[in-house]
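The structure comes before them.

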Amino acid sequence: MRKTVLTLFVLLMVGTLPLFAQEASKDVPRYKGAAIGMFVTNQYSIGEWSNWVSATAGGGLSLEYTLPVLLPKNLDLGISIHAEYSHLFPKADSSLKSCEDIIAYGGAWLRIPFLLGNARFAFQPELGYGMTLHNAEGQKGSKAKGYYLDQMFSVSPAIRWIPPKIDSLEIEISPQYIFAPEKDHSLNQVGTRLGIIWHLDKFAEANEKKKSEKLQKQLAFVNENPEFMLGIKAEDLKDFTPDGDGVHDTITFIPVTSYMSNPAESWSLKIIDPAGNVFRTWEGTGKLPKQIVWDGKSDEGEGVFSDNTYKAELEVIPCEKDRILLGMDSVKASVEGSVEIKTGVVLQSSGDNEWSIKMTSVPFDANEATFNQLTKEQREELDKTIDEIVSKVNSIGRNTTVIVRGYANNVSGTEKENIEELIPLSQKRAEMMVSMLTLRGIPENQITAEGRGGADPIASREDRENWWKNRRIEFIIKK
């Protein structure tokens, strides 16, 4: 009889595999790892067993595991363990008074996914083998009483349906044939098994998908509000004046990483100067610090220039898991990767009773000391800056002297260029600044203009990336 059961299963597989294999679909979820299920059964006795029992009803739990085996046509192999309790309904004229079974068996199955229209299904025939513990009691005078342990075989050609949008769940209906050979006779039953299977790994994937969608929304918000990732208000990025007066002297970044579920693999916060060069850097691995305070200094201790635009760029390399969830190898503070920081007029102490204001952003016309090419908005911004300089000078007190020095970059490195072009041009530009200060109330006899040309370069001739710092206007204020 065992050969009969095995032959039945093989015929079932051989007969149906070509039909379903042709329809095997990659659009039906493929599972990995473990799943748990619960089921109910309803069996009817056939053969000689039908002389004693008419039907059986029961239910139980199952655990199945999809084996990590690669098969063609999206097929999968797996194993199962089932634990079932069954109550048998004896016939009125049988020698049995009552009978209950506890069944434990394992199974091996092949999974074949297919589509019917837009509905997702899988054909999953299973061959099972295990043990049945009978607790039987006979009618009066019968010897059938006590516990009996028998082996059992089962064939279950299950059809499973995956509900729309619930990839972790399957609903199964299966015809089922059970054969349990006993000493004097055999138990034969046919019926149905109805169950619900919950795929744990697929459920975890569904949770990961929801988490990914949530993180993507948070990331979209960060991209639209880049200051959020840096943990700083937009107004704090304006008028940054690290000059020690207690107002806007520092910027405190509070990195926000709510879009990550685990500590970062690495991170870096960079301040980029107006020419696109790295000015200041903080970096590390793992969890980001609660706050990062910038005092306006570079890595070498150089201060920021007045009335200029620097950029803060926070880049985070998430851990591998978050990289998968976010679909990104790295996350930056904005789509452009930076947040602008606008400096105001920075009054730096340069000695006893001496201060300086350094500007590289005065928008003169090319090779001129005029502002004829400025737009209305640019002119208004320039006037605002000059007003702030006057306010800084007046804050020091009366009887101050101001030296306005114009500098240029000696591109050729020759004295001829310096004497014939740079000194005259820088002198005119310094004088233009003097006239703008006197128009705002600073006495003319307290201001001096000096055209220094290519003297006192901040950047050497070899440091081309920083040549822009040599073209500047400096205000030296003494008391």
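Q: In the hairpin of S1 and S2, which residue takes a positive phi?
A: This is a predicted model, in which local features need pLDDT of at least 70, side-chain atom pairs count only at pLDDT 80 or more, and totals for chains, interfaces and linings use all residues. Residues are numbered from 1 along each chain as its sequence is written, and side-chain values use heavy atoms, with hydrogens and water left out. Strands (E, at least two residues) and helices (H or I, at least four) are DSSP runs numbered from the N terminus. Six residues lie between the two strands of the hairpin, and the one with a positive phi, near 70°, is Gly47.

Q: Which residue in S8 is the bridge partner of Tyr44?
A: S1 (residues 33–46) is joined to S2 (residues 53–66) by 12 bridges in the antiparallel sense, where two strands count as paired if DSSP finds at least two bridges between them. S1 also pairs antiparallel with S8 (residues 186–199), over 12 bridges. Tyr44 stands opposite Ala55 in S2. In S8, the partner of Tyr44 is Val190.

Q: Which elements give two or more residues to the nonpolar patch?
A: Patch residues have over 30% relative accessible area and no salt bridge; like charges are joined within 9 Å, and nonpolar side chains (Val, Leu, Ile, Met, Phe, Trp, Tyr) within 5 Å. Areas come from the Shrake-Rupley method with a 1.4 Å probe, and for residues only the protein chains shown count as cover. Met38, Val40, Leu61, Trp161, Ile171, Ile173, Leu194 and Ile196 make a nonpolar surface patch of about 750 Å². The elements that give two or more residues to this patch are S1, S7 (169–181) and S8.

Q: Is Ile171 buried or exposed, or in between?
A: Ile171 is placed in strand S7. Buried means under 20% relative accessible area, exposed means over 50%, and partly exposed is in between (1.4 Å probe, protein chains only). With 31% relative accessibility, Ile171 counts as partly exposed.

Q: Is Asp307 buried or exposed?
A: Asp307 forms a salt bridge with Lys342, with the closest N and O atoms 2.8 Å apart. Asp307 lies in the loop between S12 (292–294) and S13 (309–317), and Lys342 in S15 (residues 339–342), so the pair ties together parts 35 residues apart in sequence. Lys342 is partly exposed at 28% relative accessibility. Asp307, with a relative accessible area of 15%, is buried.

Q: Where does Asp383, the residue paired with Arg440, lie?
A: The side chains of Arg440 and Asp383 form a salt bridge of 3.3 Å, N to O. The pair links distant parts of the chain, 57 residues apart: Arg440 is in the loop between H6 (415–438) and S19 (447–453), and Asp383 is in helix H5.

Q: Which are the edge strands of the open sheet of five strands?
A: The sheet has mixed pairing and the order S16-S17-S20-S18-S19. Within it, S18 (residues 401–407) and S20 (residues 473–478) run antiparallel, joined by six bridges. The strands that pair on one side only are S16 (348–351) and S19.

Q: What angle does the direction of H6 make with that of S19?
A: Axes are lines fitted to C-alpha atoms, for helices over the stretch in contact, and angles run from 0 to 180 degrees between N-to-C directions. H5 lies across S17 (354–359), S18 and S20, running at about 175° to S17. H6 packs on the sheet, touching S18, S19 and S20, and its angle with S19 is about 155°.

Key. A salt bridge is a side-chain nitrogen of Lys or Arg within 4 Å of a carboxyl oxygen of Asp or Glu. Contact means heavy atoms within 4.5 Å.
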